[in-house]
Amino acid sequence: MSRKNIRALVVSGNGTNCEVEMAHACRVGGADDVDIVHFSQLLQGEKSLLDYDFLNLPGGFLDGDDLGSAKAHAIRLRYARTAHGESLFDHILTFIQQGKIILGICNGFQLLAKLGLVPALNGAYGTQATTLTFNDSGTFEDRWAYLTVKEKSPCIFTRGLSSLYLPVRHGEGKFIPGDAAVLQELQDKNLVVAQYTDRSCEKAVMDYPLNPNGSVEAIAGICDETGRVFGMMPHPEAYLHYTNHPRWTREPVPEEGMGVAIFRNAVEYLKKNL
Amino acid sequence: MAHRIEVGFKSAIRDALGEKVRKRIKDDLNMAVAAVRTIEVYTVDMDLGSDELTALAAGPFSDPVIQEYLIDRPLAREFDWLIEVGLRPGVTDNVGRTAREALALLLNRSPSIDEKVYASRQYLICGDLDRAGAEHIAKDLLANELIQHFEIFSRAAFDYERGVPAKAPRVRESAALTVEEIDLNDSAEELMRISRERLLALSLSEMKVLQAYFAREDVRAQRQQVGLGARATDVELEALAQTWSEHCKHKIFNAAIEYADERGQQTVINSLFDTYIRGATRKVRSKLGDRDWCVSVFTDNAGIISWDDHHNLVFKVETHNSPSALDPYGGALTGIVGVNRDPLGTGKGSRLIFNTDVFCFATPFYEEPLPPRILHPRRIYEGVREGVEHGGNKSGIPTVNGSIVFDDRFLGKPLVYCGTAGIMPREILGAPSHTKEVRPGDLIVMTGGRIGKDGIHGATFSSEELHEGSPVTAVQIGDPITQKRMIDFLLTARDRGLYRCITDNGAGGLSSSVGEMAQHSNGCELDLKAAPLKYAGLQPWEILLSEAQERMTLAVPPKEREEFMTLAQNMGVEATVLGHFIDSGYFHILYDGKTVACLDMQFLHAGLPRMQLLAVWKPPRHRDPECADPVDSTPLLKKLLARPNICSKEAVVRQYDHEVQGGSVIKPLSGIANDGPSDAAVLRPVLDSLQGVVVSHGICPRYSDLDTYHMVACAIDEALRNFLCVGGSLEGIAGLDNFCWCDPLPSEKNPDAEYKLAQLVRANMALYDYATAYMVPLISGKDSMKNDYIIGALKISIPPTVLFSIIGRIDDVRKAVTMDAKSVGDPVYVLGETRDELGGSEYFSLYNSIGAQVPAVDAKKALKLYRSLGKAMSRGLVRSCHDCSDGGLGVALAETAFSGGLGMTVDLKKVPAAKISRNDFLLFSESQSRFVVTVAPDDRKDFERCLKGNIFAEIGIVEKDPQFRITGLNDTIVIEAGIFDLKESWQKTLRF
């Protein structure tokens, strides 16, 4: 079955701040209808998640990251009910069951991890198994990072990609699995989608600043077992045009930014599978 | 009763914050401790059952993967000293506010005004310290006692069963609500006592104008009608003092000044602002004629210029010096979120697209004993840096351009310049967006944060020097998330046409915002009782004057009231109707229906008499230092590269998000290793367009020691050079001037006021001369006139400082240029003439000398060069372009080479120069209007053709071998060093 119109939703509000470029990325990636919807519109029932195919959780500082990154918003999403009395969290679970896709970048990844929507091992959506916490440096940093992408991963967003070069802009990007068993399972199931690396983009590295935050196993992004829910700290929506590249004035850089592929993959997946 | 929930990292988890504190104890306080760990404490001031507390602790307050918690029992186990730091009552507690919101959601309850959550933090220190050492850490690193309190426990004295007792820092105000009446019909001494004790910061002649007003028959009659007596109320006095403050009224810039130059020639200037600043813009605009790109200047919260067929650009730069001196973090944070509200409150409101930040500090390596009330410059540096980080990053606005200037005279008051630009559609719902209108009958609505005692007297406080009695209430903490929610809401309301007018609440609070908006309708009626408060117990005048952050004031047409209020509620933003605008001609304030102030609008806004001042210019004389031209200048170059004013600021830049919003084109860092010093920023505010915004600045306070005229000329030239370096277009450009001065008003404490005023006059003359010569209209600016510190016999005054910021465009961002050398074999050019102008240079500072000759700018020659360079750039003939400023040619060449990861060979004999016979002067003179440019070998001819008729020369070549080699006038090598070696000198100073 295939459908023509792909509808992307970018949820904003309570401190998100990458919604405009994320919506732009969805358009550049080929989504037909792209809406930036304020969280309150979902709550009021003016808009429904279930009317969309592609949920984008953009970067930012939800609630100022005051209780730890994305923590307060995770509670809000978990417990909030719409004006029609429906649970927003149930909507998200239904959305996943319907075969739709979710992308969380930076603060959005932190939100997915704390809601337990990634990695959701063995389908345990809602159980937190991993987290993202303060960078080893103790500081927020904006710097570009090389990533090696696992081609065997089920992640539908990174199909055909083996490496990426994207900016990280966070203070709480250190990935920590709940325990060794979780890490093992992530690796066995190829759910570790992206890892920090060096310019050769071959193997994961732990050295600062290549690994900008001290993430365990240099993990930069993970997905769920369906490959349809994906969270990553680096920002693909910040590299859509070649002039975003930090060295575009001195190196040959392709016209299209590397981040576009993630969004195009998302749209193509939906076109084929919905 | 209050409960404590303590949350800490599990023992196997690294505590990055604790480690950072340990490092700062070592670096900042020069003390060694073995380890620091942290515990977050939530004091929940509510009656909750243990199930509820557990749900809170396990839910929103802790992360099950890495943290553990205890309720009403201490987590702390191993430590030598435990220091707990919390906020004082009434200080904005962002973490506590978020915790309370999460609690309300989780437990499904609406807490009362007194039911709050308070956040504090414990630092568990292991190390060989005595109590004095622990106190030193608490006072001089962890807590600022103006806004925070701390408790210290030794291992032996700590109660491991009960821990620190739960104590909620509630604001307890028992004072009854009163409106005081003040008799102004009194002696001069009495009037000055009133001004001083009430922190009104009004002079005797100003107090006498008030006295005369309240004595007027017609005023008395009118007051009687609204139920007021003959005496002024405290609400009225405070409103008048704020409206008439230097901060709000710019009395010095509007004064009548008699200026005598060095020959005794007298000039009378009626308003520096009107003559030189507004005058310059008038002249530029009239010369531009049909091409005039100014849309709104000097009338609104920020200046507006046209951007493309559909959008206008808005830009404003502010300073937040006085609060940053007392609390650098809070001062800088409110500085940045405060200036955000200016473009937001300009016209119908704009979407914010970037921030800029420029700081002036004393050296972070300051070793002398600190005078009272002065924080160590390193603490100021780190606090200000963090404040701007939180303010900018959390608001989702990229911080794209800035600098840090060091001079020990900034010890008494640091300068914190924060700028914000916005973009707005030219038309909203078919009407122009850049104008302001209020109609009688429109509702006065306040949105955003609540009102507390924070920031009371900010406007009058910053109109004085820092003294012993400087009020601590002037210090406040910003709340970027409350503001972000409000911005999301207001831009939605704007696009739906739900309000008619908007302005921000900054200095002077409601008194200022409503007072200014009421000028459009000619009057207002506002009831302070309706205002939402953070806590009970504020006096009416405090509600009116509070500068509590994150608030905007709007005029809402009555028919839009319901939709406006509903949208606010849905988007989680508090909005309150406080009254309405009328056309009575009066600023009428009530409390619970009873009049507490009623002032003639005309008197309030135009009743202030113009100041009469004298300015006398006597040029200072300084001599060049006695120093030999060294045979080998390599060590000098390394020393200069390492100087705080020149060295890399990467550690600060990286902590600011400079790419959010996705339009980054030229970042603050450039080059092969992403770490070279960019001259200016370029970004695309509209992602499907290739037109870019360019922003740059110039600042050079050292030249003020010789002549503020040239200081300003150089600042403008530097800003323009930086702007041109990245490819900015001279068409569509605009400038902003931000003056920070030392007090130029005569008094016993200030014997050289006439000289300082003359410095101000000369600075304004240069502003006019160069803005008109370069055709840069001035669209906005600000002045901060009291940057002095006086306690006891000690007085520290800043060097007069002007920050000149430029905003403009590049038509096609793909033509932008960075400063790093690109390819082996590229010829290296210097554009412009090098002269014997080392006065105020970084080079002479090495010899603790000012020097005789300040750099002067020849605008006519420079503009010709700038146009030629622009032509070469638009034809793609320039591979790299870097401004020559602090440290001169030597530093600019070295930065170009090492940022490109390439070597360079240069011959000083080829440098176009006037009357210089020394290598060191050629290398380090700070003559203006010069660039270092590299060009592809094949483009050499075309480039030279573009530059024909200007002073320029090919002086060297980019090399593969990573060596930096300069041959001197006598054909011997005067500088030879590896580029990585030079880069290390440049990077090491502020790498902390």
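Which residue forms a salt bridge with B:Asp28, and how far apart are the closest N and O atoms? The legends below describe a predicted model, and the second legend gives the answer.

**Figure 1. The domains of chain B.** Chain B is divided into four parts: domain 1 (2-154), domain 2 (184-270 + 436-465 + 477-608), domain 3 (293-433 + 660-813) and domain 4 (619-647 + 819-992). Between the centres of domain 1 of chain B and domain 3 of chain B, taken over C-alpha atoms, the distance is 36 Å.

**Figure 2. Domain 1 of chain B against domain 3 of chain B.** Here 11 residues of domain 1 are in contact with seven residues of domain 3. The two domains bury about 730 Å² between them, and carbon and sulfur atoms give 39% of this area. On the side of domain 1, B:Arg24, B:Asn144 and B:Leu146 lose the most area to domain 3, together 48% of what that side buries. One salt bridge is found across this interface: B:Asp28 pairs with B:Arg378, and their closest N and O atoms are 3.0 Å apart. Six residue pairs are in polar contact between the two domains.

**Figure 3. The side of domain 1 of chain B that touches domain 3 of chain B.** Helix H1 (16-29) and helix H4 (131-142) of chain B are the elements that give two or more residues to this side. The largest share, four residues, comes from H4(B). By class, the side has five nonpolar, one polar and five charged residues.

**Figure 4. Chain A on its own.** Chain A has seven helices and 11 strands. Its C-alpha trace spans about 50 × 40 × 35 Å along the principal axes. A compact globule of 274 residues would have a radius of gyration near 19 Å, and the 17 Å of chain A agrees with this.

**Figure 5. The contact of chain B with chain A.** The contact takes 64 residues from chain B and 59 residues from chain A. About 5000 Å² is buried between the chains, 55% of it on carbon and sulfur atoms. B:Val65, B:Leu105 and B:Arg654 supply 12% of the area that chain B buries against chain A, more than any other three residues.

**Figure 6. Polar pairs and elements where chain B touches chain A.** Seven salt bridges are counted between the two chains. In the one formed by B:Asp820 and A:Arg250, the N to O distance is 2.6 Å. The interface also has 28 residue pairs in polar contact. Elements of chain B that give two or more residues to its side include H1, helix H3 (94-107) and helix H13 (377-395). H3(B) provides the largest share, nine residues. By class, the side of chain B has 26 nonpolar, 19 polar and 19 charged residues.

How values were computed
Residues are numbered from 1 along each chain as its sequence is written. Chains are lettered from A and ligands numbered from 1 in the order in which they are written. This is a predicted model: local features need pLDDT of at least 70, side-chain atom pairs count only at pLDDT 80 or more; totals for chains, interfaces and linings use all residues. Side-chain values use heavy atoms; hydrogens and water are left out. Domain bounds come from an automatic or database domain assignment. Contact means heavy atoms within 4.5 Å. Buried area is the accessible area (1.4 Å probe) that two parts lose on being put together, summed over both. A salt bridge is a side-chain nitrogen of Lys or Arg within 4 Å of a carboxyl oxygen of Asp or Glu. A polar contact is a pair of N or O atoms within 3.5 Å; within protein, one must be able to donate a hydrogen and the other to accept it, and residues adjacent in sequence count only if both atoms are side-chain atoms. Ala, Val, Leu, Ile, Met, Phe, Trp, Tyr, Cys and Pro count as nonpolar, Asp, Glu, Lys and Arg as charged, and the others, Gly among them, as polar. The radius of gyration is taken over C-alpha atoms; the globule rule is 2.2 Å times the number of residues to the power 0.38.
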